[in-house]
Amino acid sequence: MKTKLFIFFFCLPTLLLAQSANLSERITIIIERATIEEALNSIASVSEVKFAYSKDIIPMEAVVNVNVIEKPLAEVLDLLFEPTQIVYARIGNQVVLKIDEKKIPIPIGGNGNNERLSSREIQYEYPDAVYKAEEMKSDSPVQQQAKVLRNDRLPQTLPPKALIGSTDYEFKIDYSELDFQGYINLDNYKIPVVDAIREVDFEEVGDSIAAKVTETINKGKKIFEPEEKVVKRISFNPFFAKAKSVEGAQISGVVSFTERDLDGLQLSLVGGMVEGDVLGSQISGIYNYSEGDNFGTQISGIANVANTMIGLQLSGITNQANDTFKGTQISGIHNHAQNATGGLQISSIANSASGNINVQIGVINKAENVRGVQLGIINMADTIRGVPIGLFNFIKDGYNRLELKYGSDLTWNVGVKFGARSFYNMLEVGTQKELAWWGLGYGIGTYARLGKRAGLNIEVLAMHLNNNDNWVKKWNALGQFRTTLDIRLGKKFSLFAGPQLNVLYSENYDTDTGTFNTLAVDKTSYEETDIMIANPYLLKIWIGCSAGFRF
């Protein structure tokens, strides 16, 4: 079984790459006044691509008109999402959608409500990317330094040229020097245009951006790092493997480092680090770290850390998702997910999550909102829409009641209920003053609504019985199965009453008197005793009742 799991995780990136969605596929589709969700469903029906997204994260209500004839799928998606903050990533044969808060939406025609104009196809003529310089005052002579005033990123489809200038200066860039991501290529340097504009001072009329950047670099002013190799297939280094980006596999004997995105496998004995997004797997002996969005798998011996995690984190000690989480975390000690939008956490010690988590399994579970199950010894949450199963459940906005009760067995009882309506815990103390018996018990229960002000409590309770100030060391227990009808008179105040089945079991046998020293019961439905064995016992069963109020 272990061998099969290892082969699966090791081959996962290969399978993803082997079955990659074909975004160059040309499609023809006509959509009139449909939501983005409907448009994606229509696109999926005419292509081999499947879309994956969460409706809790992705706003799909925008209305679009699409009339496309033989256009590449990637071009259609780029233009479809242009007026939104939706971006996409290819993972295997799926296209995963997410929100990029740094993306600047570009309105496309219509009436100002993000609705596209009807046309023969989705199209948008990019305006010139205009940048203006403004004077920056300092102790030194006034310098003209470029500052981006609008279009803080270059579109992927570039216009013929862009104007960069000010009142006194005017520079022109030949876009033949730029690649599709908006970089100037100078020898082994790959310089983002926006960075060049922001960092380089313009002092002489007529200097081109390229010439000025080259001059700055030659003078030793290190503004831009030299371009690292982009790994397209497999990169191996026995010690330290470093790459600008990876589209394949990066393997090292110690540490693997990817400055931008990883699309494939990163394998190292000590640690793996990715500063961009991950579309694949990080596997290491000690730790994995991804600063961007992780749409894959992290497996390590000690720790996994990701900014946004939509996938699997598996570690021997701890997993952490710092921004957004929807997937699975499995660890030996602790899992933490920030801004969860679903998912599963399994740990031998503790789980914690903010946002909405589906399932937590561990000794201690803590969550902001649970939309499923908490299974552990101690469960804590602000709200829950599901079931907390544990010895102690603490739900801030759950079912929390104080109860005063009169019973036919132990006369006066005080108890507390805490947890959720679906499953709550009880602690109760009761006394039979005239016979000097008292009991301390624990139980569980559930509450079902029967109407606007009525409900039914079904509970099971076990109490240990003691006499006077003495704690009885032998088995001396009273078990109760009870149902009570609860009538609410105020916001939390209610009256209740109902029958209960009592089971008394005692091994507290007094050899001097030949009797059992336990709670006295006059009438029973069933009674059994045996004093001829090594541990004599008494068993009594009878029907009783109880009534009281809760608040």
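Predicted model: local features only at pLDDT ≥ 70, side-chain atom pairs only at ≥ 80, totals over all residues.

Residues are numbered from 1 along each chain as its sequence is written, and side-chain values use heavy atoms, with hydrogens and water left out.

**Rings.** The whole structure holds 13 aromatic pairs (Phe, Tyr or six-membered Trp rings with centres within 6.5 Å; planes under 30 degrees apart are stacked, over 60 edge-to-face, the rest tilted). Select Phe-392 and Phe-418: they are stacked, 6.4 Å centre to centre with 0° between the planes. Phe-392 is in strand β33 (residues 392-395) and Phe-418 in strand β35 (residues 412-419), so the pair ties together parts 26 residues apart in sequence; strands are DSSP runs of E, at least two residues, numbered from the N terminus. Phe-418 is buried at 10% relative accessible area, while Phe-392 is partly exposed at 30% (buried is under 20%, exposed over 50%, partly exposed in between, with a 1.4 Å probe and protein chains only).

Next, pick Tyr-509 and Phe-516, a tilted pair at 5.0 Å and 55°.

**Charge over a ring.** Show Arg-550: its charged end sits over the ring of Phe-496, 3.9 Å from the centre (CZ of Arg within 6 Å of the ring centre and within 35 degrees of the ring normal).

**Last stop.** Select Leu-495, in strand β40 (residues 494-506) and partly exposed at 40% relative accessibility.

Technical notes
Helix = DSSP H or I, 4+ residues; strand = E, 2+ residues; numbered from the N terminus.
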